[in-house]
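Here are my notes on the model, in numbered points. Please read them with the coordinates open.

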Amino acid sequence: MAGTHAAGVREPLVHLSRRTGMPFWKSWLIRLAALAAGLLICGAVAFILIEKLRDDPGKLGDFYCAFIKGSFGTSRKVWKMLKNLAILLSISLALTPAFRMRFWNIGAEGQTLVGVLGAIAVDFYLGGKIPEGLLIALMFLAALLCGGVWGLIPAVFKAKWNTNETLFTLMMNYVATFLVSYFLVIWVPSGSSSLAKLKYGKLPTLVNDYFLIVMIALLLTIGLYIYLNYSKHGYEISVVGESVNTAKYVGINVRRVILRTMILSGVLCGLTGFLIASGLDRTITTESVGGQGFTAIMVSWLANFNPLMMILTSGLIQILNQGAAQISQDFNVSGALPSVIVGIILFFIIGSEFFINYRLHFRHHKTREAIR
Amino acid sequence: MKKIAALLLSLILCIGCVSVIAEPVAQENIKLGVILLHDELSTYDLNFYNSVMEAAANLGLSEDQVIVKRNIPESEACAEEARDLVDEGCNIVFADSFGHESFLLEVAKEFPEVEFCHATGTMAHTENLPNFHNAFASIYEGRYLAGIAAGMKLNELKAAGKLKGEKPLMGYVGAFTYAEVISGYTSFYLGAKAVCPDVEMKVQFTGSWYDEKEEKAAAEALIALGCDLISQHADSMGAPTACENAGIPNISYNGSTLESCPNTFIVSSRINWAPYFEYLVRQKVAGEPIATDWVGTIQTGSVVLTDVNTAAAAEGTADAIADVRDELLAGVRHVFDTAAEGFITVNGEALTSYMADVDTDEAFTADTEAVSDGYFHESEYRSAPYFNVAIDGIELLNSKF
């Protein structure tokens with residue numbers, strides 16, 4: 001090899017090596033720098049796209065303030081952000097056990113939606129006919145059951161026939177969406193497919209309408225952290241995730257772990273569905289989950305599958321979303337711009353993980369070293 | 001005693017609210033908040049956006065007197081954004097999508113001093129909330145006029161021997177089997193029938209208000225079935241694009257699609273919401289109450305047609321539309337004319353009576369007789385359409401939406 005090297009085969013300009021043991025503060029410095037760089041580029045893009053900014057560059061201050069104003073401008077906005085964070089966090093938490101097992105469940109959207117559907121179905125048929133407490137309890141159980149079943153179906157196929165879970169769970173999202181369309185046709189005889197907000201089945205108000213949702217998400221985070229890190233189940237999930245053969249060797253029933261974990265994943269999605277149905281909307285559309293099932297994948301990954309870190313990542317995403325919506329409102333620009341802004345910033349943040357995990361070696365750098 | 005005191009207190013509060021509502025607001029203190037389901041990419045929301053901006057310009061409102069919120073789903077999010085608009089100081093909050101209604105209604109109860117106005121909704125006249133209002137327009141008249149253009153185009157094709165089948169056949173892409181859509185395609189069909197008596201129509205539903213792919217596919221399917229002309233009631237560019245690609249004439253909705261479809265676009269009807277927004281601000285400034293149900297008409301400038309594209313339309317279309325428009329305005333012609341022999345029939349029989357579901361209730365009971373004086377009284381007993389009769393000559397290809 002050395003011979004061919006000497007014969008002048010060009011070494012690649014850059015090569016990568018895995019980096020370990022970067023100090024905590026340094027990795028966070030990189031993340032913060034990435035966020036700052038993302039924000040800067042956003043400002044530049046906005047400057048090009050928004051006429052009002054071009055006319056009056058002084059408004060760039062307003063542009064950046066909107067990120068704070070969007071989530072912290074009024075106490076109502078703070079609660080809205082916390083609630084949105086809680087819902088996104090709950091779905092992300094639901095995905096995490098499966099992800100730790102390297103089971104790529106991208107069906108959280110559908111699993112949550114059928115949870116909403118289950119709860120709303122109970123509310124639709126039984127609302128006002130049985131005591132409110134019992135109604136809410138039944139809505140809760142129906143949501144968990146529906147979510148669990150939706151998670152179990154792809155798991156059964158994976159465990160029995162080793163089907164590709166990514167495709168399977170993805171397809172189940174569409175089935176869930178059409179199931180909702182189907183029931184809306186039945187439930188709304190006027191043909192509008194728009195179910196007005198139901199009168200019954202409202203989650204009790206504690207402090208305000210959102211407090212309970214936030215508390216449930218918090219408890220869920222702590223509970224899942226303990227389950228994944230300190231329980232036998234959690235350990236089994238990690239082993240199956242590391243290597244199925246190792247798991248088999250040490251006598252773990254892999255099939256059972258897959259099924260059990262996916263039921264848990266689905267049930268937790270169903271729980272979030274219940275929070276959406278009973279705590280917020282009390283109606284259903286095909287958009288009731290609104291893509292959060294997909295955003296949750298990113299939240300879980302960015303947090304390295306650590307439930308506590310997910311509070312940060314889901315918070316970051318919601319603050320960006322609300323800030324971007326505020327920009328759209330304040331500068332009266334089309335709804336596509338917020339997506340561009342959030343996209344740019346996320347690109348930088350995801351990119352920074354690369355630089356935290358890998359070291360780049362440049363060719364000239366090396367030759368200089370050789371000379372020395 | 002406590003009860004009486006509470007009653008008195010609430011009475012005083014109530015009177016307080018009414019007087020607050022009736023109090024004039026200086027125009028510079030008006031703040032209008034607008035909640036849109038999608039953004040400018042949807043022709044439906046774009047139409048509202050343009051109307052708000054037109055009204056603001058006509059009234060001389062400054063930029064910060066209008067706040068637009070885009071992409072607000074039909075969920076608790078609508079209530080959240082409505083409350084946020086109140087926090088921002090809005091005294092008129094408007095939402096544009098049917099499914100927003102029950103959420104907006106909830107917020108209306110929380111803020112009696114703010115006016116909440118909702119397009120296409122049905123609940124205001126039964127809820128009796130002084131600060132909650134519905135609005136729509138007699139767009140069936142606009143569709144009828146657009147139908148005249150369609151009928152004339154079919155006559156032209158017939159005369160030139162260019163019909164695909166024996167009888168002139170139209171295709172219609174609809175969103176849902178809902179009164180708003182049924183009223184729309186029926187009035188369009190009747191307009192065409194008024195000038196082209198043997199016309200028939202096939203309707204394909206998409207089950208969505210905005211689904212470009214589905215709408216395009218539906219239009220292509222209708223063209224493949226031999227339709228000579230297509231119209232639509234759905235909010236994307238799907239159907240017009242399919243028509244332009246296939247060279248089939250198209251009657252559009254929500255606004256002109258001339259730019260993208262220069263060879264096939266004939267004319268488009270649309271609701272201009274600017275008169276409604278102007279009305280809202282004027283009433284508020286004058287301290288006058290806002291109508292519970294407001295219906296925009298040709299007269300108010302709410303029901304409008306775009307310019308006719310002479311490259312695609314039959315000769316004399318613009319003049320014919322103008323003549324019929326005058327007849328509608330004069331009240332000598334009615335869109336849902338049940339008296340004319342063989343014009344509107346159901347299973348071969350004339351339509352002499354029809355109970356419509358005007359008051360919203362959970363069972364969707366038909367409650368109001370809508371046929372009298374020789375025509376169906378659309379949008380008179382509430383602003384949103386309630387004509388949902390299946391008349392002869394229109395075939396629904398899929399009705400499960």
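1. In which sense do strand E6 and strand E8 of chain B pair, and over how many bridges? This is a predicted model. Strand E6 (residues 169-174) and strand E8 (residues 229-233) of chain B pair in the parallel sense, over five bridges. Within this pair, Val173(B) stands opposite Gln232(B) of E8(B).

2. Next, the whole sheet. It is open and has seven strands, in the order E12-E10-E9-E8-E6-E7-E19 (chain B). The pairing is mixed. Strand E12 (303-305) and strand E19 (394-396) of chain B are the edges, and each pairs on one side only. On average, neighbouring strands of this sheet are turned by 20 degrees against each other, direction ignored.

3. A helix packs on this sheet: H8 (residues 212-224) of chain B. Helix H8 touches E6, strand E7 (200-205) and E8 of chain B. The direction of H8 makes about 165 degrees with that of E6(B).

4. Now chain A. Thr272(A) is found in helix H12 (residues 254-281) of that chain. Is Thr272(A) buried or exposed? Thr272(A) has 34 other C-beta atoms within 10 Å. The cut-off for buried is 20 or more, so Thr272(A) counts as buried.

5. Which residues is Thr272(A) in contact with, leaving aside neighbours within four places in sequence? They are Ile87(A), Ser90(A), Ile91(A), Ala94(A), Thr112(A) and Gly115(A).

6. One distance to check: Thr272(A) and Ala66(A) are 29 Å apart in space, C-alpha to C-alpha. In sequence they are 206 residues apart.

Key:
Residues numbered from 1 in each chain as written. Chains lettered and ligands numbered in written order. Predicted model: local features only at pLDDT ≥ 70, side-chain atom pairs only at ≥ 80, totals over all residues. Helix = DSSP H or I, 4+ residues; strand = E, 2+ residues; numbered from the N terminus. Buried ≥ 20, exposed ≤ 12 C-beta atoms within 10 Å, placed from the backbone. Contact = placed C-beta atoms within 7 Å. Pairing = 2+ DSSP bridges. Axes fitted to C-alpha atoms, helices over the stretch in contact; angles between N-to-C directions.
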